[in-house]
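Please look at the sequence and the model shown here before reading on. The numbered points below go through a pocket, several individual residues and the charged pairs.

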Amino acid sequence: MKILKAVCVVLFALIASITIPFGIMSFTAAETALRQVTIYDMDAERTFLTQAETVGDALRELGIELNSFDRTSHSQAGQIWDGIAITIEREINFYVKIDSNPLLTHASRPGITVEEVLVQFQTGQDFALLFDGNHTRQVANGETLHFTSWQSRFISDTHNVPYSTIENRTNAVSQGRSHVRQVGEMGVNESTTALIYIGGVEMNRQYFGTTTLVDPVDEIIDIGTGWLGSMTDVTREDFHYFRRVQMEATAYTAGYGCTGKHPDDPWYRITASGREVQHGIVAVDRNVIPLGTRLFVEGYGFAIAADVGGAIRGYKIDLFMEDLQDALNFGRRHIYVWILDEI
């Protein structure tokens, strides 16, 4: 037993006396930290030893650059282990041809489908692309995809809508006269049509309907039915005048006592304007109311200024009546006279 211990001491001393270079020990330690990594990049395969800790570090160590659409089988932040195999899928480049327009170059991630490309080129609900083929298949690198456009466009057209003319017969306007109580106005309608284009060529039109933008306004014309001397209601909406004056009124007849003319006189019953007197003919001062002016006289009715008189000066009016007693009963009074619109 003592002899065995002595031998061990001697062997330990011999081992301790052997000098091992520090560099050799360092190389051996480094060798144990290396990991084998295999990279599959498209058709190329590379296997190497690396001290990189992550996938991204290993790729950078080899000078492998990735484009925005390139994909790796392992996260670039993932840890490296001995024997790992990393696959790189490179972005694909393909071409898109829409109708007869020039080719469009497009880059995308590998594995993109035709349907996904169609969605990318969708610009709104009124525009879409049609593809004659399998929408779910993957797009090949360098492929040209032929699309046909489908587009709808709405056009609007405005047009005038005629107004109606309503004739309102009323004795508030003297017979033979008319008055536009309400001016007619055209309405405006808008019609909408959808145009369908396929491949840039119009293929169909669809009428969508008409919307009223402005309603037409009816023209209302008051047609006179009132005779000279007929009564009416001056508060009615369709009674038209432009001035009302207060005048001193008297009455006269065609007899000699009022006109100084006998029935055998050729000017008997003929007024200063040449009209024959009848109920509704009144005498005025032509400097105040011109002859021919149409009037409405309170308590008398429609009238026309067609005569003059020596005593009729200023704001005075003389009303013709057939019966002398009616004229005497009328006497002298202050009344309102409406000067009617010249229509």
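1. Strand 14 (241–252), helix 5 (256–259) and strand 18 each contribute at least two residues to the lining of the largest pocket. Strand 14 gives the largest share, 4 residues. Helices (H or I, at least four residues) and strands (E, at least two) are DSSP runs, numbered from the N terminus. The space in the largest pocket is about 500 Å³. Of its 26 lining residues, Tyr252, Cys258, Val308, Gly309 and Asp318 are the closest to the centre. A pocket here is an open set of points on a 1 Å grid over the protein atoms alone, where a 1.4 Å probe fits, with protein on both sides within 12 Å along at least five of seven lines; lining residues have an atom within 4 Å of a point. The volume is the space filled by probe spheres set on the points, which are joined across faces, edges and corners.

2. On provenance: this is a predicted model, in which local features need pLDDT of at least 70 and side-chain atom pairs count only at pLDDT 80 or more, while totals for chains, interfaces and linings use all residues. Residues are numbered from 1 along each chain as its sequence is written, and side-chain values use heavy atoms, with hydrogens and water left out.

3. Aspartate 318 belongs to strand 18 (residues 316–320). Its relative accessibility is 13%, so aspartate 318 counts as buried (under 20% relative accessible area; exposed is over 50%, and partly exposed is in between, with a 1.4 Å probe and protein chains only). Aspartate 318 has no salt bridge, and the nearest side chain of opposite charge, arginine 332, is 7.9 Å away. For charge, Lys and Arg count as positive and Asp and Glu as negative, with His and the chain ends not counted.

4. What does the side chain of aspartate 318 make a polar contact with? The partner is the side chain of threonine 250, at 2.7 Å. A polar contact is a pair of N or O atoms within 3.5 Å; within protein, one must be able to donate a hydrogen and the other to accept it, and residues adjacent in sequence count only if both atoms are side-chain atoms. A polar atom of the aspartate 318 side chain also lies 3.2 Å from the backbone nitrogen of alanine 251. Leaving aside neighbours within four places in sequence, aspartate 318 has contacts (heavy atoms within 4.5 Å) with residues including Tyr252, Ile281, Val282, Ala283 and Ile312.

5. Asparagine 189, in strand 11 (residues 187–198), is buried, with a relative accessible area of 16%. Its side chain makes a polar contact with the side chain of threonine 212 at 3.3 Å. Beyond four places in sequence, the residues in contact with asparagine 189 include Asp157, Thr158, His159 and Val161.

6. Methionine 42 has a positive phi near 55° and sits in the loop between strand 1 and strand 2 (44–50); methionine 42 is exposed, at 56% relative accessible area. Aspartate 99 has a positive phi of about 55° and sits in the loop between strand 5 (92–98) and strand 6 (104–108); aspartate 99 is partly exposed, at 25%.

7. The count of salt bridges comes to 14, a salt bridge being a side-chain nitrogen of Lys or Arg within 4 Å of a carboxyl oxygen of Asp or Glu. Glutamate 89 and arginine 71 form one at 3.3 Å, N to O. This pair links distant parts of the chain, with glutamate 89 in strand 4 (residues 84–89) and arginine 71 in strand 3 (residues 71–72), 18 residues apart. Glutamate 89 is partly exposed at 39%, and arginine 71 is partly exposed at 34%.

8. Glutamate 248 and arginine 332 meet in a salt bridge at 2.6 Å, N to O. Glutamate 248 is in strand 14 and arginine 332 in the loop between helix 6 (324–330) and strand 19 (333–340), 84 residues apart. Arginine 332 is exposed, at 58%.

9. A salt bridge of 2.9 Å, N to O, joins arginine 269 and glutamate 322. Arginine 269 lies in the loop between helix 5 and strand 15 (281–284) and glutamate 322 in the loop between strand 18 and helix 6, so the pair ties together parts 53 residues apart in sequence. Asp41, Asp70 and Arg90 are linked in a network of salt bridges.
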